[in-house]
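Please examine the sequence and the structure shown below.

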Amino acid sequence: MATNGYLLELQHISQYYGSGSRQFIAVEDVNLALREGEFVALLGPSGCGKSTLLRIIAGLQRPSGGVVLYRGAPLQGVNPHAAIVFQTFALFPWLTVLDNVAVALKARGVPEPIRTTRAVDLLDRVGLDGFETAYPRELSGGMRQKVGFARAMAVEPELLCMDEPFSALDVLSAEALRGELLELWTSGSIPTRAILMVTHNIEEAVFMADRIVVMEKDPGRVVAELAVPLPQPRQRKTPDFLKVVDEVYGILAGQTQPEHVELGSAPGEPGRTRALPHVTVNQLAGLLEHLAEAPGNRADLYRLTEDLKVDSDRLLMLTEACELLGFATVDKGDIMLTPLGETFAEASILARKEIFRARIRRLPLFRWLFALLRASGQKLQSEVVKTALELEFPPEEAERQLDTIINWGRYSELLAYDDSDERIYLEPADAAAATEKVA
Amino acid sequence: MARFPRLLKTEQPLHRPLTWGDALALLLVVVLIYVGVRLAFGAPVVVEGPTISLRPTALPWYAVLSVGRMLAAYALSMLFCLVYGRWAAYDRRAESVLIPLLDVLQSVPILSFLPVVLLSLSAILPEKVAAELASIVLIFTSQAWNLTFAWYQSLKTIPQELREAGTIFRFNGWLRFKALELPFAAISLIWNSMMSWAGGWFFLMAAEIFTVGQRDFRLPGLGAYLQEAANQGDVGAILWGVAALVLVVVALDQLVWRPLLAWSDRFKLEMVEGEEPPASWFHDAVRQSRLADWFARAVWHPISERLDGYLVRRFPARGASPQGQRRAPWGSFVVLGIAAAALLYGAYRAALLLLAVPPVQWLHILEGVGATLLRVGVALTVALAWTIPVGVAIGTNRRIAAWLQPIVQIAASVPATALFPVLVLALIGASGGLEVAAVLLMLMGTQWYLLFNIIAGASAIPQDLRYTTTLLGLGRWERWRTLILPALFPYIITGAITASGGAWNASIVAEHVEFAGRTLKTIGIGALIAESTGTGNYPLLLAATLSMVFAVVLINRLVWRRFYRLAEERYRME
């Protein structure tokens, strides 16, 4: 079979969950190829299916459709040439650092004296000598992830998969570990032929990868691929670096669409129902206030992550909420307040609620829910609403949508929710207005 | 004090809605009991009991016999737990029947099975063997369910990334069991084993002293010794027996369970150091001993290394995708079909037998269930009345806890059924003596669950909230109403669920007593079951046993689960 020189190739990979009318697309028609010697970052917001894709590549999960080719041959089951570095480290808490690495060798039938020697050697290489007999809980996050790396290296994988390997670490440890990993990789001192890293951190992707594959959600798909033509080691403050970062932000934050496209359609109607971004009104107000103080009421998204100390994933979610509510627009990686957003930022608490109320009445999801509540004329079990939402979203997402709806609805004083009997209802004032309108 | 919240938390999935699996499980229980009763038709009319020696020198041997029965039952329970729990956790289709079945079996009053098991086994086996086996089966039925739930629950909650790590690093079945599943479940399994043993003693003692009419099913052991001593009114022997029993229970706690707990601390999943790891002097002593060290290095390690190496090479990790699903072959449908037919036939025969019960007796049964329910209610109320104030005192006051806690633990460690004959001896003269003794037995068997849960609940009330009530200047009653009672609610409910189950169980031994050649009885479903066992009225035995099972399952579903849900949703301090 011809290998095309690719180490790994994905052809038309899709992943569905559920069945019938409740089928959800986690990943749709992804084509991707990895060459030997490449470090590829899979970048996208949470929920875009990038972790699913990583599990498909490692063979932990079988795709609903499409083929995974490894060295030209279709992958059957778990990929024996791959190892994974996990976001939560996935160390066995009851094994010592040494045993955590050694157990990976044990599973491959490596006998005792050789096993220990190799594990000790690997721990030395990641700088953990002296900690062999410690238990993972005694180590800091950064050191735990080093054990994770050592364990992955122990099986000498050709393909190293990393699932958000630095996102559970504090800023300094993450930075140090990135540098050390890049050094191991670029010096060629490990037998790994290619690295695939899943991340939602734009800067991290640009800092480390040779190529970035950008994914989007609803449904999870690849929207862009771009090479990072910068030599290692990279400097974050150089104009070239910033240019690439801005470019990626431009792709991910997109451009504010005309209103009807932004709003989407109501559940049950044709067209895609727009999922509400999971942000609280407090966070939203915080961002708007910050923008209102910025010169020209605009800011560079990448800069904002640094100024506000939020990660890019959260910021993109906030941005999306701003666009949806008409408080801000996005263009080429910059965010600008609209006059409405400016008014909101400067308004009193009550006036803010008034504005917010007016805005969410326009959202198809809320319009649909209000109609539902008025039609039923009473309190609705939240379970009922959730079930209805499940026609549009997967179950966990429906649950989160409901949480966000309740949070926004309560803030705006349009909706009330009684936690003890789990019922949603229209605030009395609004219910009265609604009946008047009907009459 | 950190031990209690874990110890007494029920592992049942209480939020599970009723499914057809539940109906199937109930049907299975009905048929099982029916088969037992059907076998019992052939049971011998007269069963000779053993002679029990009251010499204190006989006690060590009796202790060995009792512990031996417990060990045999525990081994059986563990084996069952590992197989059944794994099956339920990994086979989705099986899970939908296995878990409801376990749930029903768990909430069924186990002692109500004792007569059926004894009679059916004695019909097919020599009497002595039958009684031994019945006691082991009985203890098994008291130990297995919570262990199985613990193991199943653990398997279900292993974090996905740990599982994936096991898969991507190509663990085979053995290594996954040894390095992932067993360590992950270890703490939970050990706590539940402790619980199982505590419960097991209760049932062992009941089994050792069980005798109705002409049928004497007693077994030589500590329980029978105590009963014989009470029968003869020998106070000296009673004291010897109680001392021996306490000694055995305390020794097991100090030499087995505490060390195991201290050892198992390494298996905790939390990635932070606990402030108060469980300690055990025996564990420390073993760890420091040279002999143990030598054993670990020279014997244990090489053997486990060999075994691992062999199993890893012999059974390499399967390359197939874990999600690959095979279709059920025709064979399994045929087996299922036969099983379903057998089940339906069994249910039909059970119904026929039940129809043989005259309406008057059904009325008796109804009356009995009502009387026993009343007794359980009284026992629970009395238990609550004293455990709430005492539990809160122990839980919130370190000084009181320091000296009361050990006393309470020793008192709780004596299985109530062992003391029952003594209780009857003391109360036999008084009018309504058995009535009082029955409620007292229920009380003794159940109050500790409540007390320990309330202590745990009281000690879990955050200091900040207590300060706040002080700062707000709330009066004593206000403080109880706004803080202490709501905070205790989930713990009280958890304790009460276990306690009421225990009380129903106690009714079998408590309502019908053979004492010093006399038969004492009172109105109750337990008395009916015991009586029908003695007289060989098998339709009544089946009807009464089933009625008790249904009553308890119904009360669990209709009352306790609602409270439990409320507690979980409204009053959790998390």
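In this predicted model, the contact between the two chains draws 29 residues from chain A and 31 residues from chain B. On the side of chain A that touches chain B, strand S6 (82–85) and helix H2 (97–106) each contribute at least two residues.

Consider next chain A as a whole. Its secondary structure consists of 17 helices and 16 strands. The C-alpha trace of chain A extends about 85 × 50 × 45 Å along its principal axes. Why may chain A be compared with a compact globule? A compact globule of 439 residues would have a radius of gyration near 22 Å, and the value for chain A is 25 Å, so the two agree.

Of the 439 residues in chain A, 42% are buried, which here requires 20 or more other C-beta atoms within 10 Å of a residue's own.

Chain B is described here by its domains. The domain assignment divides chain B into domain 1 (19–271), domain 2 (280–317) and domain 3 (357–574). How far apart do the C-alpha centres of domain 2 and domain 3 of chain B lie? The distance between these two centres in chain B is 44 Å.

How values were computed:
Residues numbered from 1 in each chain as written. Chains lettered and ligands numbered in written order. Predicted model: local features only at pLDDT ≥ 70, side-chain atom pairs only at ≥ 80, totals over all residues. Helix = DSSP H or I, 4+ residues; strand = E, 2+ residues; numbered from the N terminus. Rg over C-alpha atoms; globule rule 2.2 N^0.38 Å. Buried ≥ 20, exposed ≤ 12 C-beta atoms within 10 Å, placed from the backbone. Domains from an automatic or database assignment. Contact = placed C-beta atoms within 7 Å.
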